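User: Can you walk me through this one? I'd like to start with the pockets.

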Amino acid sequence: MTQTLLLLPGDGIGPEVTAQAARVVERLNAVAGLDVTTATARFGGAAIDADGVPLTDATLAAAKAADAVLMGAVGGPQWAGQPYDRRPEAGLLALRAGMNVFANLRPARTFAALVDASSLKPEIVAGLDILFVRELTGGVYFGEPRGVTGTSDARRGVNTHVYTAAEIRRVARVAFDLAHGRSGRVCSADKANVMEAGLLWREEVQALRDAEYPHIALTHMLADNTAMQLVKNPRQFDVILTDNLFGDILSDEAAMLTGSLGMLPSAALGQAGTPGLYEPIHGSAPDIAGKGVANPCAAILSLAMALRYSLGRADLADRVEAAVAAALDTGARTADLGGTLRTTAMGDAVLAHL
Ligand code: IPM
Ligand code: MG
C-alpha cells in the first residue's frame, strides 16, 4: 500500500537538505521496494510570507493525514522581530502540539569517521551512543499563564513550567521501551531540588519504573550535573529522559560531542498509529542558506528514522544509516565536517551506497 510522506522544507537551508532526503526516497522507491509518495507544503517563515501564518490549517490537516512528516528547518532574521504568534518557531510548536507528538527522540551518536571532528578528545567521544527522549508538547514551552504585563519597573514576564502525571508517564514509557532494546539504562534529568514540578517528574518516572519496568535500571540526575557529566564522561549515558526545556538544551550540548550539528536527526512520536514528525536538529542556518553547502546528512538520517518508526521499514532505515556511514568512510565531507563537498555532492555520495 502506498504511504505518504509530507515534506515541510521550511526556511534557510531546510529546502536544500530536504531535497536530498527526497532523492533518497526516490532511490528506495526504485530499487528497494519502498512505496512512498511525497507531497510538499509551505511551513515556517515561507508560509508567513505567502499565507500570513507559519502553519495553515490545511498544512496541519495534511500532516495529520500523512504517514510521516519530514521537516527541514524554520526561522531566520527576517521574521525575528515579529510577535510570537507570527514567528516561524510558533508554527513548529503548533505543529508539534497539533500532531500530539509528545516524545522527541534525539540520538547523539559518533560516527567512527568523524571522531576527530569533536571539540572533545577522541577517547572521550569515540563510540558515543546516547538517545535523548525529550518531552515535546508540555512544560514551559506551552504552560499557561504566559505573557508580559505591567509597565516600567513593574513589567512582569511570566512562563509556566507545568506537567501532569499523565504527561510525565507517557513520555517515560517511551524511554523505558526504547531502553529495553538497548542497554536497559535510563537516566532521568530534572531539577527536583528546586522545582515542585521537577519533584513530581522524578516521583512519577520512578513509580512507573517500579510498577511496570522492574528490569530497567533507572537513575535520576539533576539537570545541571547532567550538563557537566555530558562533557566529562558522556559514555556513562545510554537513554536520557528529560522535560521539554532541559531536553532542548542538553541535546544541543550532546550534539556537539559528536562533531557536528549537521549530522543529527530527530523523531517526534505520538500515540501508536499516528504519524511521526522527523527533523534534523540543526536550524535554518541563515548564514549559509542558498549557497548549496549545507550538510544533508541530518535530513537523510531523519528520513531513516521515519522509515524505522512510521513507515515500517526498519530494514531500509538500517540501509540508509549504513550508506551515510559508508559515504563518510570514503572521505565524503561537507564544509561543517572540514570538507569541500557541496550539498548535492554529499547526497550523491550517500546515494552511491544505496
Ligand atoms: C529545537 C529547537 C526548537 C525548540 C525551536 C526552534 C522552537 O531549538 O527543536 O530544539 O526549542 O524546541
Ligand atoms: Mg533546540
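This is a predicted model: local features need pLDDT of at least 70, side-chain atom pairs count only at pLDDT 80 or more; totals for chains, interfaces and linings use all residues.

**Pockets and packing**

Analyst: In the second largest pocket, the largest share of the lining, 4 residues, comes from α10. A pocket here is an open set of 1 Å grid points where a 1.4 Å probe fits, with protein on both sides within 12 Å along at least five of seven lines, and lining residues have an atom within 4 Å of a point. Residues count from 1 along each chain, chains are lettered from A and ligands numbered from 1 as written, and side-chain values use heavy atoms, without hydrogens or water.

User: Which residues are closest to its centre?

Analyst: P107, R109, M305, R308 and E321, out of 15 lining residues. Both β4 (103-109) and α10 (297-309) give two or more.

User: And the largest pocket, what gives the most there?

Analyst: α4, with 6 residues. Of 33 in that lining, E89, L92, L93, R96 and Y141 are closest to the centre.

User: New topic: how do α8 and α9 cross?

Analyst: Their axes (lines fitted to C-alpha atoms over the stretch in contact, with angles from 0 to 180 degrees between N-to-C directions) come within 10 Å and cross at roughly 5 degrees. So α8 and α9 are roughly parallel, meaning under 35 degrees.

User: Which residues of α8 make the contact?

Analyst: A223, T226, A227, L230 and V231, meeting F246, L250, E253, A254 and L257 of α9. Contact means heavy atoms within 4.5 Å.

Conventions. Angles under 35 degrees count as roughly parallel, over 145 as roughly antiparallel, 65 to 115 as roughly perpendicular and the rest as oblique.
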